[in-house]
Amino acid sequence: MRNRRNASLLNFFSLFIIFIILFSFIRSGQMNNYYSNILVTVGISIIMAVSLNITSGLLGQLALGHAGFMSVGAYTAGIITKSLPDMPFAFSLAIALLAGGILAALFGFLIGMPALRLKGDYLAIVTLGFGEIIRVVVENLNITGGAAGLSRITRMSRALAVDKKMSAAIQFGVVFWLMVIVVTITFTLGRSRHGRAILSIRENEIASEAAGIPTTYYKLFAFTLGAFFAGIAGGLYAHQIGLLTPRHFDFNRSIEYLVMVVLGGMGSITGSIVSSAILVSLPEFLRGFADWRMVIYSLTLILMMIFRPSGLLGTKEFSLSKTVHKIQKFLAKKFVRKERKPKLPFVPNYDVWEGKPVLTVENLGIRFGGLVAAENINLHVMNDEIVGLIGPNGAGKTTVFNMLQGVYVPTCGSITLLGKDIVGKSTYEIASSGIARTFQNIRLFKSMTVLENVKVAFHTRMTYSPLSGITRASRYDSEERGIDIRARELLHVFDMDDVADENAASLPYGMQRKLEICRALATNPKVLLLDEPAAGMNPTETAELMDTIRRIRTRFSVAILLIEHDMSLVMGICERIYVLNYGHVIAEGTPEEIASNEEVITAYLGMSNKDNKEDKAC
Amino acid sequence: MTLFLSQLLNGIHVGSIYALIALGYTMVYGIVQLINFAHGDILMLSAYLVVVGITKLGLSPALSVLLSIVVAVVFGVILERVAYRPLRSSPRISSLITAIGVSMLMQNVAQLIFSPNPIPYPITLSVPALNLGGLYLSFTTILTVVLSVGLMFLLQIFVSSTKAGKAMRAVSEDTGTALLMGIHVNRIISLTFAIGSGLAAIGSLLYCIAYPSVAPTLGSLPGIKAFIAAVLGGIGLIPGAMLGGFILGIAESLAKAYISSRMSDAIVYGILIIVLLFKPAGLLGTKTREKV
Amino acid sequence: MKKFVAIILSCVMMLSIFIPTATAEENIKVGFIGVLTGRGSQYGEGVKKGIEVYVDLINEQGGINGVPVKVIYEDSQGDASKGVLAAQKLIGLDGCVAILGPVITPVCKAVAEYCNDEGIPMITASGTDYEITTGRPSVFRTCFLDPFQATVIAQYIAAQGITKVAALYDQGNPYSKGLYDAFKAECENQGVEILATESGSGDDVDFKAQLTNIKNAVPEAVFLPYYGEAAALILTQANEIGLDVKYYGGDGISNIVKAITDKSLLTNMVYTDHFSNSETNEQALTFLAAYRKKFGQEPDISFIATAYDAARVLFDAMGKVEDPSDYEAVTAAIKATDLECVTGRITFDEHNDPIKSVFFTTFNAEGKQIFIESFAPAQ
């Protein structure tokens, strides 16, 4: 404990020392204003790169119009300080920066709402479109000065103090500390449950939603936050250079920042810092080769991508980040003075469901256009029962699961979960209401650790706000410790203690499946849907799985509905079985009853009357 | 009415060029899911080759154009081999950035070799325009439209009927399976790039005849426009590229003519965004549901 | 390990820029900032060439008061912040005592602000926006202003008896838009009606839509404040759709000759230039001869001449003072300039703008420039 405290102190101290040294160099005039200008430019670029990293790196959505937000922030801030000439500059600047950030965030929100409904390249194109629309509109407005732009904006290097050098030093200070704040917020947010939620969306949006994350909310949140920081960077830029033209914030500018993020490593904040610093100062260093500068730059870009496509730092953070994290933790502790008790996540009381059906499906059906994928599905699952759902491929089993979790909305029928109707609810709401699932194709959050995968699912059991996460307030502390305990407990049940800190992608197949189940259990479901859990397993693994399922049922008091093709598993652990074929339930009963059911046998061997008739038609 | 028809004709002309370039974009995207930002710069490369061919090598225009097509094709194949193939298993954003890097590299090398000053394109069509009662129909327009549509049909036939074309479709649907089926995936991808680059070279000829100014930045604007056209129509689909191209061209012209030439860019992007909101996979695209 | 090495390398790279440059030799250093790469770089290159020609000339004659002159050329990449960084490097690190350039308006404004802060003498050869020199006593220019040339063009058009015009300008370009605004204002004074106004944007190459609208309005002439490359495309396309009018443009038109394929179309174009190649003044002849010798071609952009003049004005002023690094003295000397230059006689008014004429120029069917008449500003 004492060592950690010392480490955090040391690192906060070193940040401060760096600042004091640079500040005094500039103040005394010993540092040429060329270099201090480069430092300021680097600072602003870092803010921009980090802001874009939130959208493109953490959230994983390629955004090609980010310069538009910078533009909004820059122009807003510039217009404000120009219209408040009598106010002391420090005040008008503060107002201007904040207003610029807020307006940019508003634009981010308004653009995000439609844009985030799209995926991948389409989202990219839409953001590009919005960025260009902003540019054209700015070009045509009088208030922004049109094509000529806004000029004679008060500059920080002149107006923050009477003495030129002092003013330049303060300019550096403003940019430096704003950069530190933005970076710190991004780090701490990234480490909080909100950051985990955002990352999980990037890794696997569907699994994220199924784990209870309100994905739309978080996508908008990340997008808006990125826009906010970009707006602040824009405001700083406006008051650094004193001049704005709409052409400055064009598509090429967005690409410039995107390159910084990718080169540094998408999702790595440290990477963005390093690459911004390099990409801003390198052209200055290469001034001697003016003609060749751009050729060198583009060649370097290509080579970097070919030989190190994940960027300088990949998705990793330099250890400094951990120490920043520790700083915050230390500071929070220092103010709180005592270690809070871990707050264990809320566990709903399911006792009352003894002997009753926990899941009832009545007359459920769905059509896709003209195709009836499922019809007239009636089934129920009793408390603590293990029920099987079998049928030939294409029978509609996964479709039923998808309807149960709200991925598809049924066209008719009802689904009652723990007494409540859940048809029409969104997936994440359903996921927090007591039903969890695993997927046919394993959907793990690959670049997150095993422990983090499980922690994501605890999201809805926690309550601390993003602000709390940033400031590492007590609630953050106690809740995080609470779920850490619970998550490790869960891993222990599955014998995965020793892989807790490994990347989920590095696990062997069988363990990945176990992790998926483990994650599903973290949401404290009453009903667990397992979609082909034994797929790809050998007999030994299958036997182990059967054992695990039984153990889970007893230990967590959870009813299980499973889809499976492996008959030994189905017959071995299911107490009841439903058989589906062509979207209808064709049989229901105990394993023995099902095994001897004529229709079921025909369905599986595929010699139905229908087929015979078609053959004759030839 | 004549005014409207004139503007419509302008739009069709511009649109057919966008469509032709969009074809190359869409083919490459369809097969390797890459937005090839360097595609527009192949137009620039071809244009300079024609310039060099005619002015420095003293070749006839036809031979120069042929040279430009051949070099463009070879360049496209080499580009894929050197810059994109190593990244096939990497995250897509890396290929995108590489493509951007290649585009920048091409433009800057061109600037070093040829200087940034725009030079006139040495091929012109001196056939006078047809005057249909006030409506001017230039030969360039006719040629461009006919060639674009014709090439699209040829391409569509190629993709649907020939063995190589079917192989292309297979690779774009599921590369892994195609490989297992014995399809020589690398060769097919090279072929796609080759065809795409060839189309770009032809597009370059038509583009430069209409806008005879060759500069290192020649390809940027048509590149972006063609990309938008491809997405608008449904990226990866050949008819989509055509449709998108024409719609974009016409929308642009009519917006400039009737709404505001100042805001025409914004309007065009606005149309794109609205279309995508209602049809998230483009006009002809089918929303591929992710298998849950 | 790899990561660690990468970070160390990056730090080394960053820190290497702090290595001081070579110590000053015995010469006078002047900095040039201009767009040498990217959009508009042909203008930056042109201005650079103009300066180079004069620097060669003056060094052949022994330099300024016997001290050779060295110009350090920096690329602004067309970006205001990079331009300011370049200026800071030139002045702070390289020991330059004055700035020639920048080339395009936004960079001019930003660098002018910086030069004004420090009192550094700056002369731009191509910054035609009025605002560049406002309130900045050490910032000058050797080109005429946009408002001036646009006003003069409107007057000239009116003088031809034309009453109905149309305008096509680049809304995204401050130069083009500035010219249009001034033109529009003067047309009102002159009673010239603008029937249709169309605009293009940035890198647009297709103007048929706008031209069709203009054709529909049936104007007698079209005001075209574009740069030569775009103007070439416009003229060609207008011809294709059967629009047959006279065109009037500003100094940006000057490089249209190189860009257009059908030179016969140029006979319809009249534009205002800073000077004319057939100018027979002594300065022009010297300049033309030196340029042809160094670069093997005719200067195609009028800024080449104004750049030559900018260098001349600066070095001449420096020659008149004790210490060329004395900003105030040099500024005062520039202000007091009265010199016969390539682009006419240059003196400066209270706004630090040169009091000089515009030269109305047109072309013959082979693309050779033909001087029509000159228009001097109202004294």
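Reply: The domain bounds used here come from an automatic or database domain assignment. The model is predicted, so local features need pLDDT of at least 70 and side-chain atom pairs count only at pLDDT 80 or more, while totals for chains, interfaces and linings use all residues. Residues are numbered from 1 along each chain as its sequence is written, and chains are lettered from A and ligands numbered from 1 in the order in which they are written.

Chain A is divided into domain 1 (31-258), domain 2 (354-434 + 524-618) and domain 3 (444-521). Between domain 1 of chain A and domain 3 of chain A, the C-alpha centres are 32 Å apart. The two are in contact (C-beta atoms, placed from the backbone, within 7 Å) through 15 residues of domain 1 of chain A and 17 residues of domain 3 of chain A. On the side of domain 1 of chain A that touches domain 3 of chain A, α7 (164-191) and α8 (193-203) of chain A each supply at least two residues. Of these elements (DSSP runs numbered from the N terminus, helices being H or I of at least four residues and strands E of at least two), α8(A) gives the most to that side, with seven residues. By class, this side of domain 1 of chain A has six nonpolar, six polar and three charged residues. Here Ala, Val, Leu, Ile, Met, Phe, Trp, Tyr, Cys and Pro count as nonpolar, Asp, Glu, Lys and Arg as charged, and the others, Gly among them, as polar.

Chain A as a whole has 25 helices and ten strands, and its C-alpha trace spans about 95 × 65 × 45 Å along its principal axes. Of the contacts in chain A with a separation of 6 or more, 77% join residues 24 or more positions apart.

Chain B has eleven helices and four strands. Its C-alpha atoms fill a box of roughly 60 × 50 × 35 Å, taken along the principal axes. In chain B, residues 24 or more positions apart account for 75% of the contacts with a separation of 6 or more.

The contact between chain A and chain B takes 32 residues from chain A and 34 residues from chain B. On the side of chain A that touches chain B, α5 (120-140), α11 (251-264) and α13 (290-307) of chain A each supply at least two residues. The largest share of that side, ten residues, comes from α5(A). The residues of this side of chain A divide into 24 nonpolar, four polar and four charged.

Chain B also meets chain C, in a contact of 30 residues from chain C and 29 residues from chain B. Elements of chain C that each supply at least two residues of the side touching chain B include β7 (193-200), α7 (208-217) and α8 (228-240). With six residues, α7(C) gives the most to that side of chain C, whose residues divide into seven nonpolar, 14 polar and nine charged.

Chain A and chain C meet through a helix pair as well: the axes of α2 (residues 33-58) of chain A and α3 (residues 80-93) of chain C come within 8 Å and cross at roughly 155°. Axes are lines fitted to C-alpha atoms, for helices over the stretch in contact, and angles run from 0 to 180 degrees between N-to-C directions. The crossing makes α2(A) roughly antiparallel to α3(C), a term for angles over 145 degrees. Contributors from α2(A) include Tyr34(A) and Ile38(A), and those from α3(C) include Val84(C), Leu85(C) and Lys89(C). By class, the contact of α2(A) with α3(C) has five nonpolar, six polar and one charged residues.

Methods. Angles under 35 degrees count as roughly parallel, over 145 as roughly antiparallel, 65 to 115 as roughly perpendicular and the rest as oblique.
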